[in-house]
Amino acid sequence: MDLSIGNLSAIGQGIQQTQAAEQTEFTPEQEYYIGRAVAANLLSTRTVWDNASATSYVNVLERALAMYSDKPETFGGYHVLIMDSDEINAFSAPGGLILVTRGLLRCAANEDQVAAILAHETSHVVLEHGLNAIKQARKTAAYRQLGIAVANTAGGSNVQELTDLFKDSIKDITDTMVNNGYSRDLELQADQMALVIMKRAGYDPRAFDDMLKSLGTHVKPGGLDFAKTHPDPKIREAAVEKTLDDQPPLAVPAAATAARQARWKAALGSV
């Protein structure tokens with residue numbers, strides 16, 4: 001082994017870089033690319049609804065809501081795609097990629113309720129629930145490989161190993177969102193943050209409660225879509241109503257309500 005001063009210095013630098021990598025989270029760029037891969041996985045078995053007006057509408061609404069969140073910007077920005085499916089569901093991938101079904105949008109009776117759906121999904125992004133679905137052992141290994149890849153100019157197998165680790169991380173996130181769902185506590189966290197985002201953006205948070213009531217009438221218990229990956233809407237209603245009981249209703253001018261209803265009907269009337 002070469003124990004020269006120069007080589008020892010290089011080894012020490014590599015160890016420091018590896019340790020630093022183990023102690024950091026994914027960068028915004030890495031979060032974006034992981035999220036894009038997760039979205040691609042989800043869309044591999046789903047079709048995007050080709051409706052420019054509806055897609056533009058939900059994206060404008062999403063970006064307006066995101067500006068009032070605690071994470072108003074991401075590396076790739078917030079984007080919404082509408083899935084051409086009757087199932088009732090939505091997914092939020094790391095980095096701000098949100099997928100929502102036509103079936104879920106049909107449950108909304110106005111723009112405020114669509115805002116409730118998007119504010120909830122935005123909250124999952126802000127709270128990094130997707131990234132946190134990656135198993136901790138997988139994260140530690142990925143950070144270690146990041147450090148080694150930086151220290152090793154030759155790259156080679158370490159780069160390939162890192163790629164494989166990210167593939168496993170993507171699988172962790174996808175499995176959580178599609179098969180297992182987030183824990184009840186995480187869903188309730190996202191609900192509470194959504195109420196804050198809606199109020200900041202000028203939407204009555206009580207529309208969130210109305211949206212949950214609508215879901216309660218549309219979602220089939222034991223179903224393979226929303227019911228499979230989300231807590232019972234009634235459980236969520238109880239937590240939301242407890243918060244709303246301590247808040248006065250948000251006064252929204254009649255003209256604003258009328259304008260929102262017209263926008264919603266024009267964009268999503270055929271959803």
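The model is predicted, so local features need pLDDT of at least 70, side-chain atom pairs count only at pLDDT 80 or more, and totals for chains, interfaces and linings use all residues. Residues are numbered from 1 along each chain as its sequence is written, and side-chain values use heavy atoms, with hydrogens and water left out.

**The chain as a whole**

- The protein chain has 13 helices and 3 strands; helices (H or I, at least four residues) and strands (E, at least two) are DSSP runs, numbered from the N terminus.
- Of the 271 residues in the protein chain, 47% are buried, where buried means under 20% relative accessible area, exposed means over 50%, and partly exposed lies in between (1.4 Å probe, protein chains only).
- Take the contacts between residues at least 6 apart in sequence: 74% of them join residues at least 24 apart. Contact here means heavy atoms within 4.5 Å.

**The sheet**

- The 3 strands form an open sheet with mixed pairing, in the order β1-β3-β2; two strands pair if DSSP finds at least two bridges between them.
- β1 (79-83) and β2 (90-93) each have a single partner strand and stand at the edges, so one side of each is left without a neighbour in the sheet.
- From one strand to the next, the twist averages 15 degrees. For angles like those below, axes are lines fitted to C-alpha atoms, for helices over the stretch in contact, and angles run from 0 to 180 degrees between N-to-C directions.
- As background, strands of a sheet pair through backbone hydrogen bonds, either parallel or antiparallel.
- β1 and β3 pair in the parallel sense over 5 bridges, and Met 83 stands opposite Thr 101 in β3.
- β2 pairs with β3 (residues 97-101) in the antiparallel sense over 4 bridges, with Val 100 of β3 as the bridge partner of Ala 90.
- Helix α2 (residues 28-43) packs on the sheet and touches β1, β2 and β3, its direction making about 20 degrees with that of β3.
- Helix α3 (residues 52-66) also packs on the sheet, touching β1 and β3, and its direction makes about 140 degrees with that of β1.
- β2 and β3 form a hairpin with 3 residues between them, and Gly 95 in the turn has a positive phi of about 90 degrees.

**A closer look at β3**

- β3 is largely enclosed by the rest of the structure, because 5 of its 5 residues are buried.
- In a regular strand, side chains alternate between the two faces of the sheet.
- Both faces of β3 are covered, with Leu 97, Leu 99 and Thr 101 buried on one side and Ile 98 and Val 100 buried on the other.

**Helices that pack against α13**

- Helix α5 (residues 111-126) and helix α13 (residues 254-268) pack at an angle of about 70 degrees, with their axes 8 Å apart.
- That makes α5 roughly perpendicular to α13; angles under 35 degrees count as roughly parallel, over 145 as roughly antiparallel, 65 to 115 as roughly perpendicular and the rest as oblique.
- On the α5 side the contact is made by Glu 111, Asp 112 and Val 114, and on the α13 side by Arg 260, Gln 261, Arg 263, Trp 264 and Leu 268.
- α3 and α13 pack at about 140 degrees, with their axes 8 Å apart, which makes α3 oblique to α13.
- Here Ser 53, Ala 54 and Tyr 57 in α3 meet Arg 263, Trp 264, Ala 266, Ala 267 and Leu 268 in α13.

**Two residues of α5**

- Gln 113 lies in helix α5 and is buried, with a relative accessible area of 7%.
- Not counting residues up to four places away in sequence, Gln 113 touches Cys 107, Ala 108, Ala 207, Asp 210 and Met 211.
- Ser 123 is also found in helix α5, and at 0% relative accessibility Ser 123 counts as buried.
- Leaving aside neighbours within four places in sequence, Ser 123 is in contact with Ala 190, Met 193, Ala 194 and Ile 197.
- Ser 123 and Val 196 are 73 residues apart along the chain, and their C-alpha atoms are separated by 9.8 Å.
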